[in-house]
Structure formats: C-alpha cells, structure tokens
Amino acid sequence: ENPQLCSLDKTDLAFSEGSQSLYKPEPLEKVLNGDVLNILKVTVFFQLSERAAMDASYVQELDGILKEARTIENHLKQKRESLKQRFTVIANTL
C-alpha cells in the first residue's frame, strides 16, 4: 500500500532478526509478573506507611490521655490533702 511503510516494516524486521543474538525479549508473562509484583510491593509499602502513621497518631493520642490522667490524679491528690487538713481542723475544734 504505502511504499515507505512497507520499507520501514522490512527494516524493523531485519533489525530485529539480526539483533536476536544480542537481545532476547523476555516472555510477556514474565514481564507482567514482574510488573504485578512491583505494584504489589508498592501497595504494601504504602499500606504499611499509612498504618505506621496511624500508629504514631495513636501513640500521640495515648500520650495526651496519660498527661490528662496525671493532671487529674494530681488535682485529686491535692483535694484529698486539703480535705484531710480541713477534717483535722474540724476534729481539733471539737
């Protein structure tokens, strides 16, 4: 049909035939398996990264809760000590 196209096809065919000893294409199945494996690796990496970030946020949240609990504990200890002193004053007054 198109003389230029036919000559390009022949050149490509001749090049690929002549270069078979230098380059052997891998089977498509092997290439696809490699690509799928790489995609799976990247997917697992991102999932682990997301989980690690989530775990880090949980640790920060727990740290905040622990600080708040310590603050409440200290406040309650002060209240208890204050009540002890008041009862002592009341008991001594009676």
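Biologist: How many helices and how many strands does the secondary structure of the protein come to?

Modeller: This is a predicted model, and its secondary structure is read from DSSP runs numbered from the N terminus. One of the helices is α2, which spans residues 28-93. In total, the protein comes to two helices and zero strands.

Biologist: What is the mean pLDDT of the protein, and over which residues is the pLDDT below 50?

Modeller: The mean pLDDT is 80, with 69% of the residues at 70 or more. Where pLDDT is low, the predicted coordinates should not be read in detail. That caution applies to a stretch that has one contact in the model beyond near neighbours in sequence, and whose pLDDT is below 50, namely residues 1-17.

Biologist: What percentage of the 94 residues in the protein is buried?

Modeller: A residue counts as buried when its relative accessible area is under 20%. The accessible surface of the protein comes to about 9200 Å², of which carbon and sulfur atoms hold 62%. Of the 94 residues, the buried share is 1%.

Biologist: Which side chains meet in a salt bridge, and what is the N to O distance?

Modeller: Side chains of opposite charge can pair when their charged atoms come close. The structure holds one salt bridge, and its two partners both lie in helix α2, four residues apart, which is about one turn of the helix. The cut-off is 4 Å between the side-chain nitrogen and the carboxyl oxygen, and the pair that meets it is K77 and E73, at 3.8 Å.

Biologist: Are the rings of F45 and F46 stacked, tilted or edge-to-face?

Modeller: The count of aromatic pairs comes to one. The ring centres of F45 and F46 are 5.7 Å apart and their planes stand at 65°. F45 counts as exposed at 53% relative accessibility, whereas F46, at 49%, is partly exposed. Since planes over 60 degrees apart set the class, the pair of F45 and F46 is edge-to-face.

Terms used
Residues numbered from 1 in each chain as written. Heavy atoms only, no water. Buried < 20%, exposed > 50% of the residue type's maximum accessible area, 1.4 Å probe, protein only. Areas by Shrake-Rupley, 256 points an atom, 1.4 Å probe, with all protein chains shown as cover. Phe/Tyr/Trp six-rings, centres within 6.5 Å; stacked < 30°, edge-to-face > 60°. pLDDT = per-residue confidence, 0-100. Contact = heavy atoms within 4.5 Å.
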